[in-house]
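Colleague: I am new to reading structures, and I would like to go through this one slowly with you. Could you put it up so that we can look at it together?

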Amino acid sequence: WVRTDKVPYRDENGNTVGVIVFAVDVTEQHVAQQELQAGRAQLEQRVLERTAELLEANAKLRTEISERQRAEELRSLSEHRLQQIIDNSTAVIYAKDVDGRYWLVNRRFEEIFNLSRDRILGRTDAELFAPPVSASFRANDELVLRAGKPIEFEEVAPHHDGAHDYISLKFPLLDAAGRSTA
């Protein structure tokens with residue numbers, strides 16, 4: 001590649017008698033410019049591809065977030081409904097995890113033991129009841145967890161007006177694999 005500049009060659013009277021040509025080899029510059037343009041085109045193509053990928057990923061994330069929010073709303077609604085159902089039962093209903101920590105109680109439990117839900121949840125029997133009672137409750141819970149099936153017990157529970165005898169049906173809550181989770 002050559003870049004040329006041409007100018008008229010004039011005699012002393014100003015008549016054009018020829019042409020003066022200046023030539024410069026610009027091959028390297030031309031090749032470099034073509035490579036630059038090709039690189040720019042590749043970069044622009046890659047930016048377009050990456051932008052499309054990011055837009056797709058962003059759309060998937062938005063969908064996933066929306067689905068999780070909806071699932072959380074449904075779960076929360078289900079938990080709320082379940083709590084309403086058990087709160088309106090006259091039976092004492094509660095659930096504990098495998099470590100014996102309460103994670104669910106109904107209003108009847110709160111009334112009988114004169115404890116607020118906030119005071120109960122996350123605590124063990126040892127934190128809520130005197131040692132003989134708490135030890136008995138925990139021993140029965142452990143029997144149920146080891147057996148992996150429902151067991152009926154006669155338990156004595158403290159009330160504000162003295163001890164009361166109860167027939168308690170305790171059973172393990174199992175996960176999909178059949179392992180005790182509570």
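Colleague: Which residue in the turn of the hairpin formed by S1 and S2 has a positive phi?

Modeller: Please keep in mind that this is a predicted model. Strands S1 (residues 2–10) and S2 run antiparallel and are joined by 9 bridges, and in one of these pairings Thr 4 has Ala 23 of S2 as its bridge partner. Between the two strands of the hairpin there are 5 residues, and the one in the turn with a positive phi, of about 90°, is Gly 14.

Colleague: Is Asp 125 buried or exposed?

Modeller: Asp 125 belongs to helix H4, which spans residues 125–128. Leaving aside residues up to four places away in sequence, Asp 125 touches several others, among them Tyr 102, Phe 137 and Arg 138. Its relative accessible area is 3%, and since the cut-off is under 20%, Asp 125 is buried.

Colleague: Which residue forms a salt bridge with Asp 125, with the closest N and O atoms 2.5 Å apart?

Modeller: In general, side chains of opposite charge can pair when their charged atoms come close. For Asp 125, the salt-bridge partner at 2.5 Å is Lys 96. Asp 125 lies in helix H4 and its partner in strand S3 (residues 94–96), so the pair ties together parts that are 29 residues apart in sequence. Both members of the pair are buried, and the partner asked for is Lys 96.

Colleague: In which helix do Glu 111 and Arg 108 both lie?

Modeller: The side chains of Glu 111 and Arg 108 meet in a salt bridge, with 3.7 Å from N to O. Glu 111 counts as partly exposed at 48% relative accessibility, and Arg 108 also counts as partly exposed, at 33%. The two are 3 residues apart, about one turn of the helix, and the helix that holds them both, residues 107–113, is H2.

Colleague: How far apart are the closest N and O atoms in the salt bridge of Arg 46 with Glu 53?

Modeller: Arg 46 is partly exposed, with a relative accessible area of 42%, and Glu 53, at 36%, counts as partly exposed too. The structure holds 18 salt bridges, and in the one that Arg 46 forms with Glu 53 the closest N and O atoms are apart by 3.8 Å.

Conventions. Residues numbered from 1 in each chain as written. Predicted model: local features only at pLDDT ≥ 70, side-chain atom pairs only at ≥ 80, totals over all residues. Heavy atoms only, no water. Pairing = 2+ DSSP bridges. Helix = DSSP H or I, 4+ residues; strand = E, 2+ residues; numbered from the N terminus. Buried < 20%, exposed > 50% of the residue type's maximum accessible area, 1.4 Å probe, protein only. Contact = heavy atoms within 4.5 Å. Salt bridge = Lys/Arg side-chain N within 4 Å of Asp/Glu carboxyl O.
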